[in-house]
Amino acid sequence: MVKTVGIVGLGLIGGSMAKTVREKTNCIVYGCNRSRNIVEQAISENVLHAELTQDTVKECDLLILSLYAARNIEYVKANIQYMKKGAVIVDCTGIKERICNELSDFCREQGIFFIGGHPMAGIEKSGYQYSYFGLFHNATMILCKDANTDEKKYEELSSFFLQLGFGRIKTTTAEEHDAVIAYTSQMAHLISSAYIKSPTCEKRYGFSAGSFKDLTRVAYLNEDMWTELFAENRDCLLKELDIFIQNVQEYREALAKEEYNSLHNLLADGRIKKDKDNRMEEKFKEKSSL
C-alpha cells in the first residue's frame, strides 16, 4: 500500500502529480526540484509536506520521476542507497527503452522495483506554474512490463494511478512504447514545428480557425526536452518521418500533375482511415473502462 510518495522534478507533470496525489489520496508527499524556490512554493501551497531529501526518500513507498530521461537515471543511481527496500520507482519520461534498460536490472539488484511509465497528458506549456490538479483526469497511464516486473507491485501501481483519476492503464513494453509514441506524439510535435515556419504565417490573422490552431498548438514546445526525446528515439522517429514524407509526396505529385482523381482518392482514403481510427478508439475506451 502506498502511504508516502516522493516526486522528483516539479515541472508540469511532476507538479501536477504532486497536486493530484495531495487532492486524491491521504499520502504524505515529498518533492524535490532543481530550483529550490519551487519546492518552497509547493510547501507553502500545501502541495508538498516537505522536501524530498536523502533522509525523507527513505520513507517513500513510491517514487515518481519527472525529469528528463538522463537526469532521472542520474538521480536514481546517485540516491538508490538511501531508498526504502521494496519501494517502487516509476518514471514519466516520454521515451522508455533507454531508461528501462538502464534502471530495471540496476534497481532489482538493489531490492527496488522499477516500472517504466508515461502519462498521456500534457499541455504545450511547461513548468510548475502551469501544473494543475485535473491534468490527468480520464487520461491513459502507460506502464511497461519486462522480465523484472513484480505482478503484485504492478497491480498496486495500476490501482494507485486509477485512484488519481486516470481513466485507464495501458500495458506495453518499452520497445512498443517507443515505436508507437514516435507516431502519436513525437511526429505531431515535429510536424507542428515545421508547419509554423511558413512565411505565410505572418499573413494568417483573420484567415485562420480551428484547424490552424489544432495543427500549430504543440509548436510551442520545450526545445530542450524535445531535442532529447527525438535524439533518444531517433530510429523510430526517422521511420515515421520517412513514411510521412512519402505520403505527402503522393499528394504533391497528384496536385502538380493535375491528377485530381488521384488526389480525390488520396483524400478519401485519409477520411476512411480517420473514420476507422475514431471507431477503434471508441472500442478501446469502452473495453478499458469495463
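Modeller: The model is a predicted one. In it, V8 stands opposite L65 in β4.

Biologist: How do you know that β1 and β4 pair, and in which sense?

Modeller: Two strands count as paired if there are at least two bridges between them. Strand β1 (residues 4-8) and strand β4 (residues 62-65) have four bridges, so they pair by that definition, and the sense is parallel.

Biologist: What makes β1 and β2 a pair?

Modeller: They are joined over five bridges, in the parallel sense. At least two are needed, so this qualifies as pairing. Within this pair, I7 stands opposite G31 in β2.

Biologist: Why is strand β2 described as largely enclosed?

Modeller: A residue is buried if its relative accessible area is under 20%. Four of the five residues of β2 (residues 28-32) are buried, and therefore the strand is largely enclosed by the rest of the structure.

Biologist: Which strands are called edge strands, and why?

Modeller: The open sheet has eight strands in the order β3-β2-β1-β4-β5-β6-β7-β8, with mixed pairing. β3 (50-51) and β8 (168-172) each pair on one side only, and they are its edge strands.

Biologist: What lies across β1, β4, β5, β6, β7 and β8?

Modeller: Helix α5 (residues 151-163) does, and its angle to β7 (140-144) is about 165°.

Biologist: Why are α3 and α4 called roughly parallel?

Modeller: The axes of helix α3 (residues 69-79) and helix α4 (residues 97-109) cross at roughly 10° and come within 10 Å. The limit for roughly parallel is under 35 degrees, and the two helices are therefore placed in that class. Residues that meet include I73 and V76 in α3 and L103 and F106 in α4. By class, this contact has eight nonpolar, one polar and three charged residues.

Biologist: Why is α6 called oblique to α9?

Modeller: Helix α6 (residues 174-195) and helix α9 (residues 234-256) pack at about 60°, with axes 9 Å apart. Roughly parallel needs under 35 degrees and roughly perpendicular starts at 65, so α6 is oblique to α9. The crossing is right-handed. Among the residues making the contact are Y183 and L190 of α6 and L237 and F244 of α9. The contact of α6 with α9 divides into 10 nonpolar, one polar and two charged residues.

Terms used: Residues are numbered from 1 along each chain as its sequence is written. This is a predicted model: local features need pLDDT of at least 70, side-chain atom pairs count only at pLDDT 80 or more; totals for chains, interfaces and linings use all residues. Side-chain values use heavy atoms; hydrogens and water are left out. Contact means heavy atoms within 4.5 Å. Axes are lines fitted to C-alpha atoms, for helices over the stretch in contact, and angles run from 0 to 180 degrees between N-to-C directions. Angles under 35 degrees count as roughly parallel, over 145 as roughly antiparallel, 65 to 115 as roughly perpendicular and the rest as oblique. A crossing is left-handed if the near helix is turned anticlockwise from the far one by less than a right angle, and right-handed if clockwise. Ala, Val, Leu, Ile, Met, Phe, Trp, Tyr, Cys and Pro count as nonpolar, Asp, Glu, Lys and Arg as charged, and the others, Gly among them, as polar. Buried means under 20% relative accessible area, exposed over 50%, partly exposed in between (1.4 Å probe, protein chains only).
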